[in-house]
Amino acid sequence: MAEDVVTLSDGSFDEELMGSAKPILVDFWAEWCGPCKKIAPIVEEIAVEETDRLRIGKLNVDDNPDVARRFEVMSIPTLILFKDGQVLARIVGAKSKRQLLDDLQPHL
């Protein structure tokens, strides 16, 4: 995983979200999820390219079910953009880099 991507857990989630001066895009994923593996390199590219405007976090839903339940993540991959602990956008399913950036742009 890229150094620009923070690994989140049930225990660290709230602290990371509230401690972030920039919006944080959380990638809810699982090891067995094919579409999650497909978008992982795209998410890492965005983390590097948008580091001035955005933070990226990854949360494995199998290892951290509490946060996934709290935000009603029913299918993966789901990407949720947070700012000051509030949900700004929710993106469900694998998308291209261009589509992801288009969906995020209004919130950055």
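Me: In this predicted model, where a polar contact is a pair of N or O atoms within 3.5 Å, which side chain does the side chain of E49 make a polar contact with?
Reply: A polar contact requires a pair of N or O atoms within 3.5 Å, and within protein one of them must be able to donate a hydrogen and the other to accept it. E49 itself lies in helix α2, which covers residues 34–49. At 2.7 Å, its side chain makes such a contact with the side chain of K97.

Me: Is E49 buried, partly exposed or exposed?
Reply: Buried means under 20% relative accessible area and exposed means over 50%, with partly exposed in between. Because the relative accessible area of E49 is 47%, this residue counts as partly exposed.

Me: Is T78 buried or exposed, and which backbone oxygen does its side chain reach?
Reply: T78 has its place in strand β4, residues 78–83. Its relative accessibility is 1%, so T78 counts as buried, the limit being under 20%. Among the residues that T78 touches beyond four places in sequence are V26, F28 and R90. At 2.5 Å, the side chain of T78 reaches the backbone oxygen of S75.

Me: Which element gives the most residues to the largest nonpolar core?
Reply: The largest nonpolar core has 20 residues, and F13, V26, F28, L59, I76 and F82 are those with the most contacts inside it. At least two residues each come from β1, α1, β2, α3 and β4. With four residues, the element that gives the most to this core is β2.

How values were computed. Residues numbered from 1 in each chain as written. Predicted model: local features only at pLDDT ≥ 70, side-chain atom pairs only at ≥ 80, totals over all residues. Heavy atoms only, no water. Buried < 20%, exposed > 50% of the residue type's maximum accessible area, 1.4 Å probe, protein only. Contact = heavy atoms within 4.5 Å. Core = buried A, V, L, I, M, F, W, Y, C linked by side-chain atoms within 4.5 Å.
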